[in-house]
Amino acid sequence: MNELITNIFETTGTLSTEQIILNVVMALILGLLVFLSYLYTHAGTIYSTKFNISLVMLTVVTAIVMTVIQNNIALSLGTIGALSIVRFRTAIKDPRDTIYIFWAISMGLCCGISCFTIAIVGAIVIFIFLLLFGRIKNTDRLLLVVRGSRKNEGEIESTIFTYFHGKANLRVKNTSPETVEFIYELSRKSYNKANTNELSISDSLYKIKNIDYVNIVCQNDEING
């Protein structure tokens, strides 16, 4: 029994130099595919070249680690233990960035164990999917932000209700002894339909006295950190 356990933990890989180079080169090529996908499908407000380059390096590093630890249980357990102390604190601005991170890691895992067919087929499918749907943005929601005198609170609410025919949903109402601020959520369809009136919503609200500002903000799915 002891000999069996010893043999298991002493098992080492017998990869040739050519195979190791092939693993790393394939990881680099597929990492560049991830790079191009992120470059062409990124739809956020701020594109980070550093993050995109990091995806390529993550693919290569994962492949190197997998090449080192394959067929060696003892080394793999030690590597997992060492990596478990790493903590990532970088805020993810876009939920899709998480997908790209997992994509890069999976490409590295496949290349590290020489499963090139799975890696290539998976990369092509994901690349095409993201190329077709990666730039889709949810811009259907608008936020109407109005700040004015608290004395005109009722008139402001009445004007917005009448202008949008009750389809503007009140989300936030902030008050102070002198001022009041409203944040309404409305669909772009409702906004476009109501905007056919002679007066815009801004002009209608500014006809009320003591209005500080009227802002219309396009709401999207980005996460600000």
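User: How many aromatic pairs does the count come to?

Analyst: The model is predicted. The count comes to five aromatic pairs. One of them is Y38 with Y100.

User: What makes Y38 and Y100 an aromatic pair, and why is the pair called edge-to-face?

Analyst: Their ring centres lie 5.0 Å apart, and the limit for a pair is 6.5 Å. The planes stand at 90 degrees.

User: Why is the pair of Y100 and W103 called tilted?

Analyst: The centres are 6.0 Å apart, with the planes at 40 degrees. Stacked needs under 30 degrees and edge-to-face over 60, so this pair is tilted. Y100 and W103 are three residues apart in helix 5, so about one helical turn separates them. W103 is buried, as is Y100.

User: What covers the buried residues of helix 5?

Analyst: The cover includes helix 2 (17–41), helix 3 (49–69) and helix 6 (116–133). Among the buried residues are D97, A104 and M107.

User: How do you know that S204 counts as buried?

Analyst: Its relative accessibility is 15%. Buried means under 20%, so S204 qualifies. S204 is found in helix 9 (residues 201–206). Leaving aside neighbours within four places in sequence, S204 is in contact with T159, Y163 and L199.

Definitions and conventions:
Residues numbered from 1 in each chain as written. Predicted model: local features only at pLDDT ≥ 70, side-chain atom pairs only at ≥ 80, totals over all residues. Heavy atoms only, no water. Buried < 20%, exposed > 50% of the residue type's maximum accessible area, 1.4 Å probe, protein only. Helix = DSSP H or I, 4+ residues; strand = E, 2+ residues; numbered from the N terminus. Contact = heavy atoms within 4.5 Å.
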